[in-house]
Amino acid sequence: MASFLVGRGARLTACIGLGAAGALAAPAACLYPEYTFDEPEPSGGTGAISSSSGDGAEDCANGADDDGDGQIDCADPACGDFVCTAAVPEGWSGYFALFDGEPAMDPGCPPAFAAGPPFAGNRGLTAPPASCTCSCGPAEGQACDPVDGITITVADAPCGSEPHCLFPLATPGWAAQVCRGPDGVFSDRLTCGPSSDAECSATTGAPCAVSVSVSPLAASGGACAPSDVQVQRPDPRWTRLGRACAAAEPLGRGCNLGQVCAPKPAAPFEGGLCIARDGDAACPPGPYTERRVFFTDIEDSRGCDDDCACGAPSGGTCPTTVALYSDAQLHTCSMQVTELPAGSCVDLEDNPSVVGRKVTSLGAPTDGACRPSGGTPSGEARGASPRTFCCRP
C-alpha cells in the first residue's frame, strides 16, 4: 500500500483498481473521491521558510512572510527600519544600540532595544589634582633684638603727614630701663617747616618737634613647626555617557548565511549596531570596528605628598614701651614728655625738647610667622570596571 503526505487544503485523488484488470483498466474503471484537510500545520519545523497568503503587516523579526509578497523580514522592502548584520563573535554579546553623548541628553532605550536592563557607563573623566595646603604653627624660640636697634625720629610734621625735617636720635649701647640722652632736639630750635633749607639749619620760626615715632623692636631666630598637609579632592566629573540598549528577541531572517535581521538604531544612537564584552579589549576581526570603552567605576588615588616644611620666622616683634624726656642734662630721664609703644607715632604739643629716652617695658617675642612650602599633589583618578563596545560604522 502506498502512503502520501498531503499538505493543508490539498485534494487527494485515489484510483481504486477492480481486480487484476483494474490496474490496466481505463480511467472510467476508477473512482475519484475528494479529501480535504483543513487542520493547521504544526508550528516549528525543520527550518523550512514560513509563508503566508495573508495581507497583514510584515513582522520583520519572526522569519515569516506576513504580508504574502514572497519576501521575508530584511528581504522585504517593508522592513526599512531593520538591517542585516554579521553574527556576534565568540566571547562577545549583542546586539546593542549605543548612545555616546552628553549625560544631560540621555535618551533612554527605545522599544526595539528593550531586552533586559540597559548598560550605563561613562568616559571622558575630568579629575583635577588634589588641592594640597601646608601651614605652619607660630614661631617658637625667638629672641628680641638688642634695644639699641630701635630708631627714634622727631619730625616737623604731624603723624601721617609728609615731614620737611627729620631728626633721628641715636641709642648706642642702649638697654632696657637705661636712660640715654647724648643728643636731642631742643625747643628753641625753630629751623623747620616748608621754608627750611636742605639741612634744616636756617631760622624759619617753624617748630621742629611736632611728632615723634619709634620703630618696632624686631624678634629673630626660632622656628615654626609644619602642620599635616590638608587634602581636598575636587569631585571627578564624566563628560560622556554611554547607554547601551539590547535588541529585542527574536531576531529576523531574510539575510545572507551567517547574518541576522535586527532593528536599525536611530538617532541619537550610533548609526551601526554594536557588540560588547567586559574589560578593555580590541575589536574582533569583522565589521564591528568602531571602538568605545565606557567605565562604571572610578579608581581615585589623588592625594598629597607629606612634605610640608616651614621657612625661617619673620615679622616677629617684641612689645616695647619707650618714654621720652625733655631734660637737657646728659643721660637724664626725669621730665617726661610722652610715652609710646614701639612701632607707633604720637603728635607733640608746644615744640618740646626731646632728649632723654628710656625703654620702660620689654615683652616676649610675638607675631613671628613662617612661610610654608611643600604639599605636592600626587596620584590620579581614572576609570575602572571597563566595558568595550565595537560598532559597525
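In this predicted model, the largest nonpolar core has 25 residues, and Ile150, Ile152, Val154 and Phe167 touch the most other members. Five strands each supply at least two residues of this core: E6 (152-155), E7 (166-169), E8 (211-214), E9 (217-220) and E18 (320-325). In soluble globular proteins, nonpolar side chains tend to be buried together.

Take Ile150 as a way in. Leaving out residues up to four places away in sequence, Ile150 touches Thr171, Trp174, Val214, Ser215, Leu217, Thr320 and Val359.

Asn351 sits in the loop between strand E20 (344-347) and strand E21 (356-362). Its relative accessible area is 11%, so Asn351 counts as buried, the cut-off being under 20%. The Asn351 side chain reaches the backbone oxygen of Ser187 at 2.9 Å. Beyond four places in sequence, Asn351 touches Ser187, Arg189, Leu190, Pro207, Cys208 and Ala209.

Most residues other than glycine have a negative phi, and most peptide bonds are trans. The bond from Gly94 to Tyr95 is cis, with omega near 10°. Tyr95 belongs to strand E2 (residues 93-101). Ala267 and Pro268 are also joined by a cis peptide bond, with omega about 10°. Pro268 is in the loop between strand E12 (259-263) and strand E13 (274-278).

Two non-glycine residues have positive phi. Cys200 has phi near 50° and lies in the loop between E7 and E8. Cys200 is buried, at 7% relative accessibility. Asp367 has phi near 70° and lies in the loop between E21 and strand E22 (372-373). Asp367 is exposed, with a relative accessible area of 58%.

Methods:
Residues numbered from 1 in each chain as written. Predicted model: local features only at pLDDT ≥ 70, side-chain atom pairs only at ≥ 80, totals over all residues. Heavy atoms only, no water. Core = buried A, V, L, I, M, F, W, Y, C linked by side-chain atoms within 4.5 Å. Buried < 20%, exposed > 50% of the residue type's maximum accessible area, 1.4 Å probe, protein only. Helix = DSSP H or I, 4+ residues; strand = E, 2+ residues; numbered from the N terminus. Contact = heavy atoms within 4.5 Å. Polar contact = N/O pair within 3.5 Å; in protein donor to acceptor, adjacent residues only side chain to side chain.
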